[in-house]
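Hi everyone, thanks for making time this morning. Let me put the sequence and model up, and then I'll walk you through a few spots.

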Amino acid sequence: TLMQRRPIISAGKIAVTALTGAAPQAINGNALAMGDCQPGTVMALVYAKATTNTLTITGKWQTSANGSTWRDCDVPNNAVNVALVTGTGSAVTATKRVSAPAAALGQRYCRFVVVTGVGVGAGAGTDEYSIAYSYVPARVWD
């Protein structure tokens with residue numbers, strides 16, 4: 001059964017990476033092949049740290065049919081993406097699991113994207129992020 005299969009954790013992991021330069025920046029996570037994933041189990045584990053005053057870090061899902069043309073994948077009610085963190089001059093961190101929307105199942109690939117807004121990223125140790133995926137593998141027929 002589905003619950004007897006072990007989840008794949010940290011697939012396509014991006015290590016903690018510095019955010020540098022003026023916003024807006026969109027930093028793409030690795031592509032994840034949806035055919036490898038059990039429907040409804042895909043999530044991104046996202047770490048974000050903002051220290052620079054007013055720098056915002058948000059995230060969004062994107063999908064692609066061919067792995068090269070990517071489109072934003074909104075949640076069903078088309079809500080605006082809420083900031084993961086906003087810098088205050090002191091370090092503000094968050095680590096969250098963000099479920100892939102059901103619409104992601106309709107495409108061959110999906111990925112999570114970190115987006116900066118307002119400020120200028122100051123680099124490693126100050127403004128940074130990481131992304132990893134987890135999911136239950138699709139059933140493999142014997």
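I'll go through the sheet, the core, the cysteines and then one threonine.

A quick word on the ground rules: this is a predicted model, so local features need pLDDT of at least 70 and side-chain atom pairs count only at pLDDT 80 or more, while totals for chains, interfaces and linings use all residues. Residues are numbered from 1 along each chain as its sequence is written, and side-chain values use heavy atoms, with hydrogens and water left out.

Let's begin with the sheet. Four strands form an open sheet in the order β1-β12-β5-β9, with antiparallel pairing. Strands here are DSSP runs of E, at least two residues, numbered from the N terminus, and two of them pair if DSSP finds at least two bridges between them. The edges are β1 and β9 (92-99); each has a single partner strand, so one side of each has no neighbour in the sheet. From one strand to the next, the twist averages 10 degrees, taken between lines fitted to C-alpha atoms, on a scale from 0 to 180 degrees between N-to-C directions. Inside the sheet, β5 and β12 pair antiparallel over seven bridges, and Met43 sits opposite Ser134 in β12.

Now, which residues have the most contacts inside the largest nonpolar core? They are Val42, Ile57, Trp61, Phe112 and Tyr133, in a core of 28 residues. By nonpolar core I mean buried Ala, Val, Leu, Ile, Met, Phe, Trp, Tyr and Cys residues joined through side-chain atoms within 4.5 Å. Strands β1 (8-18), β5 (43-50), β6 (56-64), β10 (109-117) and β12 (128-135) each supply at least two of its residues. Leaving aside residues up to four places away in sequence, Val42 touches several others, including Cys37, Trp61 and Cys110; a contact is heavy atoms within 4.5 Å.

Cys37 is buried, at 4% relative accessible area, where buried means under 20%, exposed over 50% and partly exposed in between, using a 1.4 Å probe and protein chains only. Cys73 also has the sulfur of Cys110 as its nearest, at 8.0 Å, and is buried at 10%.

Finally, Thr86 in strand β8 (residues 85-86) is partly exposed at 37% relative accessibility. Among its contacts are Ala50, Leu55 and Val92.

Methods
A disulfide is a pair of cysteine sulfur atoms within 2.5 Å.
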